[in-house]
Each structure stands twice: as C-alpha cells, then as structure tokens.
Amino acid sequence: MTTKKTNIILFSGDYDKAMAAYIIANGAAAFDHEVTIFHTFWGLNALRKSEHVATKKGFIEKMFGKMMPRGADKMGLSKMNFAGFGPKMIKDIIKKHNAVPLPQLIEMAQEQDINLVACTMTMDLLGLQTEELLENIQYAGVAAYLGEAEEGQVNLFI
Amino acid sequence: MTTKKTNIILFSGDYDKAMAAYIIANGAAAFDHEVTIFHTFWGLNALRKSEHVATKKGFIEKMFGKMMPRGADKMGLSKMNFAGFGPKMIKDIIKKHNAVPLPQLIEMAQEQDINLVACTMTMDLLGLQTEELLENIQYAGVAAYLGEAEEGQVNLFI
Amino acid sequence: MTTKKTNIILFSGDYDKAMAAYIIANGAAAFDHEVTIFHTFWGLNALRKSEHVATKKGFIEKMFGKMMPRGADKMGLSKMNFAGFGPKMIKDIIKKHNAVPLPQLIEMAQEQDINLVACTMTMDLLGLQTEELLENIQYAGVAAYLGEAEEGQVNLFI
C-alpha cells in the first residue's frame with residue numbers, strides 16, 4: 001500500500017484560514033499521510049519570524065514587509081476582524097476551550113514532519129528573504145507543488 | 001464500480017460562496033456521487049436556524065452568536081456587499097432569473113441525502129450549540145472529514 | 001498512460017487569487033496535464049474584455065456590469081488593496097521582478113490550450129453576455145465541471 005498524500009496550498013494570510021489549514025494538515029499527518037503545506041502569497045506570513053530581521057530591500061519590498069504581519073500570531077481574521085479586536089477574541093476563546101493556537105499548530109506540524117514549503121516565486125514578489133522565515137522549512141516553486149499534487153488524495157487551496 | 005465521492009469543506013460564511021458550494025454539491029448528488037459538506041468556522045452559519053434559540057453561553061460566545069448571521073438567508077456577500085445591500089441585489093436577481101436561493105439549495109441538499117456535517121471543534125470555539133442548528137445534520141471532527149476525503153474524487157475547500 | 005487532469009474553479013475576482021490560479025494552470029499544462037479553468041461568479045471578470053461592449057440589459061444587470069472590473073487588469077487585491085493602490089504596487093513589483101502580469105498569464109493559458117470555461121448560470125445571474133467576454137472561451141455549467149473533476153488529479157477551488 002502506498003502512502004496517501006495531503007497537499008495544501010496556503011494562499012490566505014488570515015489567522016482562521018491558516019488554523020483550518022494546519023488543523024487538517026496535523027490531522028492528516030496523524031493518519032499517516034505524507035503532508036505538504038505550500039505557502040504562497042499572504043500565506044507566507046505564517047512562516048515569518050516574529051522578530052525584526054535586518055535585510056537589504058528596495059522601497060516597495062520594505063513597505064510590504066512592514067505592512068504584512070510578522071508571523072502567525074499577528075495575522076488577522078477573514079471575518080469579524082474588528083480592526084484587530086477579532087483575533088484577540090478568537091485567541092481568548094481558543095485558550096478558554098483548550099484549543100491549540102496557530103503558532104503551536106505550526107510547531108506541531110514541524111514535529112510531525114509535515115513539509116512546510118515557501119513558494120520562492122511569491123517570496124521574491126513580496127520581497128521576503130529566507131532569513132525572515134522560520135528554520136527548517138523548504139523552498140520550492142509551482143513545479144514541485146504539482147509533482148506532489150498529481151499524486152495526492154487530498155488537495156486543497158486555502 | 002464504486003460510488004464516487006465529493007467532499008466539500010465550507011469554511012466561508014459568505015452567501016455567494018455557500019451558493020457555489022451547494023450548487024456543486026447538488027450537482028454531484030445528481031451525478032450519483034456520495035456528497036458531504038463539512039461546515040467549519042463561518043460556514044457553520046449556513047446551518048443556523050433563523051429564529052433565536054435560548055441557550056446558556058459565556059459572554060464572548062454570546063457576542064459571537066449575536067454578530068454572526070442566523071442562517072443562510074442572512075449571510076453577506078464576499079464581494080460588493082455594500083453594507084448589506086449586495087445580498088438583496090443578488091436575491092432579487094436570483095428571483096428574476098428563476099435561480100435557486102441558498103435556503104432552498106440547502107433543502108434540496110437534504111432531500112438528496114447529502115451529508116451536512118457540522119464541525120464540532122469549531123462549534124465549540126464559536127460557542128454554537130446543537131439546538132441552534134438545523135435538524136437532520138451530523139456532527140463530526142477533522143478525522144471523519146479525512147476518512148471521506150482520502151477516498152474522494154472531488155475535494156474542495158470553499 | 002492516461003493524461004492527468006487539473007481542474008480549477010476560479011470563483012474569486014481578486015487579482016492575486018486569479019494570478020495563483022493561472023500560474024498553477026500554466027504550470028500544469030507545461031507538465032502535460034489537460035487543464036480547465038472554470039470561471040464562476042466574480043472569477044468571470046477575469047474573462048471580460050477591457051473595452052466597453054454595448055449590450056441590452058436590465059437595471060440591476062447594468063449596475064453589476066458597471067461595478068465589476070472590466071477584465072483581468074482592473075481587478076483588485078484580496079489583501080492590502082488600499083482603495084486600488086495595492087494592485088498598482090503589485091504590478092510595479094511584478095514588472096521589477098520580471099514576473100508575468102495576469103493578462104499575459106491568461107494569454108499564455110490560451111496559447112497552451114488550457115480550457116477557459118465561463119459558467120453560464122452565473123453569467124446569467126450577473127448579467128454578463130458572451131459579447132463582453134474574451135474570444136475562444138467555452139461556455140458550460142456545473143455538470144460539465146463535474147464530468148472533468150471526477151477524473152481529475154488536481155481539483156482546486158480558488
């Protein structure tokens with residue numbers, strides 16, 4: 001029997017959508033799927049380090065870097081964001097219900113050997129550099145994604 | 001020949017996205033697929049009863065309950081919502097073109113024996129209780145979803 | 001060996017999401033997949049001609065026609081749109097990094113014989129007429145989509 005594969009493209013930079021992606025991914029890994037989360041566009045923000053990293057960038061790239069959330073914990077909600085109050089509500093409620101917040105879901109994913117991939121093409125577009133992203137992630141493009149996805153059972157775009 | 005399966009995760013709480021989900025689901029059921037719509041996060045709102053249901057809840061859960069739309073007919077649009085005017089335009093135009101509005105698409109889905117599943121983990125997070133949701137739906141978690149999805153031909157995240 | 005199939009539903013009318021859809025589609029075509037992009041709801045705007053086309057329409061349909069972007073180049077961003085400034089930033093940065101802007105990605109898709117399909121049901125809903133859309137596209141409904149998708153390896157909803 002061949003290993004089943006789950007491949008998730010995380011395009012969204014929303015806290016709630018990233019939570020959904022990582023919950024499915026961690027579940028699939030627990031089911032012995034080989035799991036890959038391919039982070040592209042705003043989804044790359046989930047892989048950013050929370051501290052500032054000094055880099056040399058052009059003006060627009062610097063602006064993007066400043067405006068985009070630095071890491072999973074700083075991402076907003078897709079609905080009812082209320083100028084940043086929504087994420088706090090969700091985090092309070094996650095705590096209250098003993099659910100797992102996003103940064104810990106990402107740690108769990110790394111512990112379960114889920115492949116966390118950063119899309120190099122959109123990193124380039126948004127001016128993100130490898131030093132700004134978490135350790136132990138992979139770098140690849142759309143060809144690598146398709147190689148996995150054409151053999152996948154569960155392929156999702158989130 | 002084994003039955004084909006369509007599994008849709010409805011994450012979105014937007015009227016138009018939920019319409020797309022239910023149109024695909026009803027189409028797949030007409031093609032004899034075994035169809036499951038797994039409602040999670042804001043997608044749970046499509047399963048809410050339109051009338052108020054008295055429940056005991058904590059403060060944040062009560063706030064979420066008040067702010068989230070009560071049922072399919074009250075959901076907003078993902079684009080051109082115009083402070084609630086957009087859904088009225090869409091509904092007028094659905095009527096004019098003899099298309100099927102969302103609440104009826106959900107009824108059709110139930111008549112076609114589509115599995116409407118509410119994600120228990122996010123129900124808990126958003127403070128939604130079973131009494132607030134439609135009759136004849138199922139309750140399950142991510143493990144049940146993955147069990148279906150790994151055998152599915154059409155898996156979508158909406 | 002049978003040809004692999006990639007089927008993308010493009011629901012979104014956002015420039016960045018449409019870019020992602022077309023980059024995946026062009027990549028899959030380069031991998032010899034048979035590729036279909038099924039444009040529905042706001043995704044139809046990617047297929048609109050950029051010039052005004054005279055049509056006879058009802059009032060609401062005319063309003064929708066005016067408010068929706070006329071073609072790929074006029075679409076907004078899903079994040080950081082900044083009242084239309086965001087797309088300009090993205091386009092500047094696409095140019096700077098020698099990436100391919102959306103209108104050219106669509107041309108590439110047509111050159112690679114990717115099936116660009118417009119969903120007739122939502123065209124009707126939004127009041128879009130065939131004269132307003134690009135040449136050499138196909139017109140079909142959800143049944144045609146499902147016929148392709150149930151045989152597809154990579155099925156995505158964007």
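This is a predicted model: local features need pLDDT of at least 70, side-chain atom pairs count only at pLDDT 80 or more; totals for chains, interfaces and linings use all residues.
View 1. One salt bridge is formed by Lys4(B) with Glu150(C), whose closest N and O atoms are 3.7 Å apart. Across the interface of chain C and chain B, 7 residue pairs are in polar contact. On the side of chain C that touches chain B, α2 (59-67), α5 (120-126), α6 and β5 each supply at least two residues. The most is given by α6(C), with 6 residues.

**View 2. Area buried between chain C and chain B.** The contact draws 28 residues from chain C and 30 residues from chain B. About 2600 Å² is buried between the two chains, and carbon and sulfur atoms give 75% of this area. Leu125(C), Glu150(C) and Phe157(C) account for 25% of the area that chain C buries against chain B, more than any other three residues.

**View 3. The open sheet of chain C.** The sheet holds 5 strands in the order β4-β3-β2-β1-β5, with parallel pairing. Its edge strands, β4 (138-140) and β5 (154-157), each pair on one side only. Neighbouring strands are turned by 20° against each other on average, direction ignored.

**View 4. Strands β2 and β3 of chain C, with helix α6.** Strand β2 (residues 34-39) runs parallel to strand β3 (residues 115-119), and 4 bridges join them. Phe38(C) stands opposite Val117(C) in β3(C). Helix α6 (residues 142-149) lies across β1 (5-10), β2, β4 and β5 of chain C, at about 145° to β1(C).

Methods: Residues are numbered from 1 along each chain as its sequence is written. Chains are lettered from A and ligands numbered from 1 in the order in which they are written. Side-chain values use heavy atoms; hydrogens and water are left out. Two strands pair if DSSP finds at least two bridges between them. Axes are lines fitted to C-alpha atoms, for helices over the stretch in contact, and angles run from 0 to 180 degrees between N-to-C directions. Contact means heavy atoms within 4.5 Å. Buried area is the accessible area (1.4 Å probe) that two parts lose on being put together, summed over both. A salt bridge is a side-chain nitrogen of Lys or Arg within 4 Å of a carboxyl oxygen of Asp or Glu. A polar contact is a pair of N or O atoms within 3.5 Å; within protein, one must be able to donate a hydrogen and the other to accept it, and residues adjacent in sequence count only if both atoms are side-chain atoms.
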